[in-house]
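This briefing covers the overall build of the model, its domains and its chain interface. Please keep the sequence and the structure in view while reading.

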Amino acid sequence: MSEKPKLALYWAASCGGCEIAVLDLSEKILDVANAFDIVFWPVAMDFKTKDVEAMEDKSIDVCLFNGAIRTSDNEYMAKLLRQKSKVLVAFGSCSYGGGIPALANLKTLRGIMERVYLESPSTVNPEKIFPKTHYQVPEGEIELPELYEDVRTLPQTVDVEYFVPGCAPNPDRIWDVVQAVVSGALPPAGSVVGAFEKTVCDECHFNKEEKKVKKFVRPHQVIPDTNRCLLEQGILCLGVATRGGCGAKCTNVNMPCRGCYGPAEGVADQGAKFLSAVASMVDSQDEAEIKEILKGVVDPVGTAYRFHLAASLLHKARSQEIAGEKALAAAKH
Amino acid sequence: MSDNGFEPQIVGFLCRWCTYTGADLAGTSRIKYPPNVIPIKVMCSGRVDPSFVLKALADGADGVLISGCHPGDCHYSSGNYNALKRFHLLQSTLEQFGIEKERVKLTWVSASEGDLFASVVKDITATVSELGPLNWKSVASGVGEEKAS
Ligand code: FES
């Protein structure tokens, strides 16, 4: 048997982009395969859950877990992999902050179900049939995972050693992480790895001058000046409130930062930080005009919390309430 | 206290130069007003980052009062205008989260307006009492619920 460290990769509520990001290591992926013994990676190799269940506790050295926790299956796998892994890494924005799936937290589960199964224009469902977790068929009972009331992050579900932000994480940074694991030069548990401390602005090439705007615009409404900070041109760019490490890939191609690397070091709530910065840029002292200018921020929550809604102060409070009710209901049974 | 018997807890971020001094004046003038606002002294209303407000709500406050110097009177010249801008953006943010925006209020009270401070506190206490405790379950307005309301 090889003495190589054992590596597992898993996806929960995610799109698969994080898996692609690992493959984007290109030929370095062979070095990864050389350095590690890959013991679980459902997207690329044929492993089953029972293979993991059969492993000894803490026998996996590092598990890169991408995706948020939306279903009972996601939660089961998170807990299982926690139990089997020495180091569990919240890999990618969904796992770290909820990512795009967590935008669903702006709606209740009931609201989402009704929209999807009753109200959407392409749905015809006069018998009001909704998906069930258990269903009897002649061959026996079929079981499906339960959809939870809200989308949670991995660290809101189990203890996690490290966080690798990004939608998806930059392959160069993934490589940094791989090397850190191999050499054992990992920072203290609880750290964000594979990213920088400063914001995206620090990596962005645009000229920055004074941030004062009379009008906010959406990217499709203007052709930006390609020398000047997008935010100064009224385009909502989250670079100011977002941790660097991505290489400013979006602003490099004149697109605003969407904030996927999450809050910068020491920031409690990425969205609040961004909205605070945006508001202070409004170039007016007249209340009516201020309101008019701010109408240009059409979707404050969807913009400022696009990748970190599950980790926001307000959602955490709601999530605790939901967890409390669930525990109460369970106790009653 | 309102008819429903609910005593709200409201966090008040009061600027040191105007509203906090105004609150002092309300006290020394023995003006009666509800005890529901817990004052926190800040240097300027412009110091109140939106995350302070969100944290107060998330940690159990039923409402938040931000109060500073009248426009033009801020001791740091434009801090209160920043507060005003942030306040309006914060309001639309709260609405999108499904939290009643009336829970958060911005007012201007000068050092000489003890009576005004008392009436601001009465107002917000009445509004928040009426709304009742912040119901986290209704936060996140489901599409179905949206239509019903
Ligand atoms: S000092 Fe009072 S609002 Fe700025």
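A polar contact is a pair of N or O atoms within 3.5 Å; within protein, one must be able to donate a hydrogen and the other to accept it, and residues adjacent in sequence count only if both atoms are side-chain atoms. By that rule, five residue pairs, both at pLDDT 80 or more, are in polar contact across the interface of chain B and chain A. The model is predicted.

**Interface of chain B and chain A**

- The contact involves 32 residues of chain B and 38 residues of chain A.
- Chain B and chain A bury about 3200 Å² between them, and carbon and sulfur atoms give 67% of that area.
- On the chain B side, B:Lys85, B:Leu89 and B:Phe97 supply 22% of the area buried against chain A, more than any other three residues.
- One salt bridge is found across the interface of chain B and chain A.
- A salt bridge joins the side chains of A:Lys273 and B:Asp49, at 3.7 Å from N to O.
- Helix 2 (50-58), helix 3 (79-97) and helix 5 (143-148) of chain B are the elements that give two or more residues to the side touching chain A.
- Helix 3 of chain B gives the largest share of that side, with 12 residues.
- Sorted by class, the side of chain B that touches chain A holds 14 nonpolar, 10 polar and eight charged residues.

**Overall build of chain A**

- Chain A contains 12 helices and nine strands.
- The C-alpha trace of chain A spans about 65 × 60 × 35 Å along its principal axes.
- The radius of gyration of chain A is 22 Å, which agrees with the value near 20 Å that a compact globule of 333 residues would have.
- The domain assignment divides chain A into domain 1 (6-100 + 151-192), domain 2 (108-148) and domain 3 (200-316).

**Domain 1 against domain 2 in chain A**

- Taken over C-alpha atoms, the centres of domain 1 and domain 2 of chain A are 30 Å apart.
- Five residues of domain 1 of chain A are in contact with six residues of domain 2 of chain A.
- The area buried between domain 1 and domain 2 of chain A is about 530 Å², with 53% of it on carbon and sulfur atoms.
- Of the area that domain 1 of chain A buries against domain 2 of chain A, A:Arg70, A:Thr71 and A:Ser72 supply 79%, more than any other three residues.
- The salt bridge count between domain 1 and domain 2 of chain A is zero, while three residue pairs (both at pLDDT 80 or more) are in polar contact across their interface.
- Strand 4 (69-71) and helix 4 (72-84) of chain A each supply at least two residues of the domain 1 side that touches domain 2.
- The largest share of that side, three residues, comes from helix 4 of chain A.
- The side of domain 1 of chain A that touches domain 2 of chain A has no nonpolar, two polar and three charged residues.

**Salt bridges**

- Over all chains, the count comes to 19 salt bridges.
- One salt bridge pairs the side chains of A:Arg173 and A:Asp176, at 3.0 Å from N to O.
- A:Arg173 and A:Asp176 are separated by about one helical turn, because they lie three residues apart in helix 7 (residues 171-183) of chain A.

Note on methods: Residues are numbered from 1 along each chain as its sequence is written. Chains are lettered from A and ligands numbered from 1 in the order in which they are written. This is a predicted model: local features need pLDDT of at least 70, side-chain atom pairs count only at pLDDT 80 or more; totals for chains, interfaces and linings use all residues. Side-chain values use heavy atoms; hydrogens and water are left out. Domain bounds come from an automatic or database domain assignment. Contact means heavy atoms within 4.5 Å. Buried area is the accessible area (1.4 Å probe) that two parts lose on being put together, summed over both. A salt bridge is a side-chain nitrogen of Lys or Arg within 4 Å of a carboxyl oxygen of Asp or Glu. Helices (H or I, at least four residues) and strands (E, at least two) are DSSP runs, numbered from the N terminus. Ala, Val, Leu, Ile, Met, Phe, Trp, Tyr, Cys and Pro count as nonpolar, Asp, Glu, Lys and Arg as charged, and the others, Gly among them, as polar. The radius of gyration is taken over C-alpha atoms; the globule rule is 2.2 Å times the number of residues to the power 0.38.
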